[in-house]
Amino acid sequence: MSMTEFLREITAVPGTSGYESPVAQAFYEAFAPFADEISIDPMGSVVAVQRGTGAGPRLLLTAHIDEVGLMTTDVEEDGSVRFMPMGVAAMMLPAQEVTLLTREGPLYGVVGAGKTEEEDKAVCAKALFIDTGLPAAEVRRLVPPGTPVQLSGPLTALENGRVAGKTLDDRACCAILLQCARELHRMTHDAEVVYLLAVREEFDGLGAAVGAERIRPDLAVALDVTHGTMEGCEAGETFPMDASTLAVGPNLHRGLTALLKAQAQRLHVKTMPEVCAGHTGTDAWAIQIACEGIPCALLSLPVKYMHTTVELASQEVMAQQAHLLAQTAAALDARWEELVCS
């Protein structure tokens, strides 16, 4: 299966924060052929292990499987469903197709807005509602408060090897890890490589926090997305679509980051520094302080239009990152502390 086909399938699977079971099962099945051990931990995250020779460290590679979406709060007298956004900007919701993930199965709807006199009036989530076409009594039966709602955004293949759709944050990075696992499966390596497909990053990051405590790695690399170059943004806020970024900042390990950069240069993979003076807004923040402290690096994929249904990314950069991670993992042998700490 091509990367485009896999992304088209995996981004369609439901998995808003706290409700990731369907997508966790999908990733479990995808990683199983390349793993020596695989499980779903008590938080709901997928943990896949590729054993090494035993001479190297335990390396954690992680990305998150949850997606932004909506959660229902109430049903009006006309049957319209009120909701609160979970990581989604209200401005992109009007006229959006959605799926309410009820206990009885998917219920389809559209997001509408109350009548406004000014066409350019700022959109407020409180003015929006979901219309399913059903009467109020039936909607109340099917849609209790707290029902998760998935946005609709089928993957579209664009020119120049790029794709656009919902949930590339962060399932594109999970797909990168899958490609890394496929490549590493064909290699002999000293390191034990553990893949954590983490839940709840968009909400509270507890999937990665708990996973890191359970796995207790010697080193960790978190994968997430960053903002790709867009018009109207200040310099340093966005990054070229043909490059990966390596975060630099107080909670990122300089030695591990330098190793990734050196490997990238050797492999002719373009990288740029992304300065993170405080919280990175990723799972790297929680992993770094897990256990007694874990040396952690953050590798990011530039994505345009983040937290929308048309997130846009480069498949070429995804392939480069997968190869970079596999080659870096393979380079970690008995001398790994010298490589990382020198």
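Axes, as used in these legends, are lines fitted to C-alpha atoms, for helices over the stretch in contact, and the angles between them run from 0 to 180 degrees between N-to-C directions. The model is predicted, so that local features need pLDDT of at least 70 and side-chain atom pairs count only at pLDDT 80 or more, whereas totals for chains, interfaces and linings use all residues. Residues are numbered from 1 along each chain as its sequence is written, and side-chain values use heavy atoms, with hydrogens and water left out.

**View 1. Helices α4 and α8 cross at roughly 45 degrees, and their axes come within 8 Å.** Helices (H or I, at least four residues) and strands (E, at least two) are DSSP runs, numbered from the N terminus; α8 spans residues 315-331, and α4 spans residues 168-184. The angle makes α4 oblique to α8, given that angles under 35 degrees count as roughly parallel, over 145 as roughly antiparallel, 65 to 115 as roughly perpendicular and the rest as oblique. Residues in contact (heavy atoms within 4.5 Å) include Ile 176, Leu 177 and Cys 180 of α4 and Met 318, Ala 322 and Leu 325 of α8.

**View 2. Helix α2 (residues 21-31) packs with α4 at an angle of about 20 degrees, with the axes 10 Å apart.** This angle makes α2 roughly parallel to α4. The contact is made by Val 23, Phe 27, Ala 30 and Phe 31 of α2 together with Arg 171, Cys 174, Leu 177, Leu 178 and Ala 181 of α4.

**View 3. Asp 169, a residue of helix α4, is joined to Asp 170 by a cis peptide bond with omega of about 15 degrees.** Asp 170 is likewise found in α4. Asp 169 is buried yet has no salt bridge, and the nearest side chain of opposite charge, that of Arg 171, is 9.1 Å away. Here buried means under 20% relative accessible area, exposed over 50% and partly exposed in between (1.4 Å probe, protein chains only), while a salt bridge is a side-chain nitrogen of Lys or Arg within 4 Å of a carboxyl oxygen of Asp or Glu. For charge, Lys and Arg count as positive and Asp and Glu as negative, with His and the chain ends not counted. Not counting residues up to four places away in sequence, Asp 169 touches several residues, among them His 64, Asp 66, Glu 202, Asp 224 and His 307.

**View 4. Thr 16 lies in the loop between α1 (3-10) and α2.** Thr 16 is buried, with a relative accessible area of 1%. Leaving aside neighbours within four places in sequence, the contacts of Thr 16 include Asp 66, Gly 69 and Pro 148.

View 5. His 268, in the loop between α6 (254-266) and β15 (271-275), has a positive phi of about 60 degrees although it is not a glycine, and is exposed, with a relative accessible area of 72%. Tyr 305 is found in the loop between β16 (296-303) and β17 (311-314); phi of Tyr 305 is near 60 degrees, and at 35% relative accessibility this residue counts as partly exposed.
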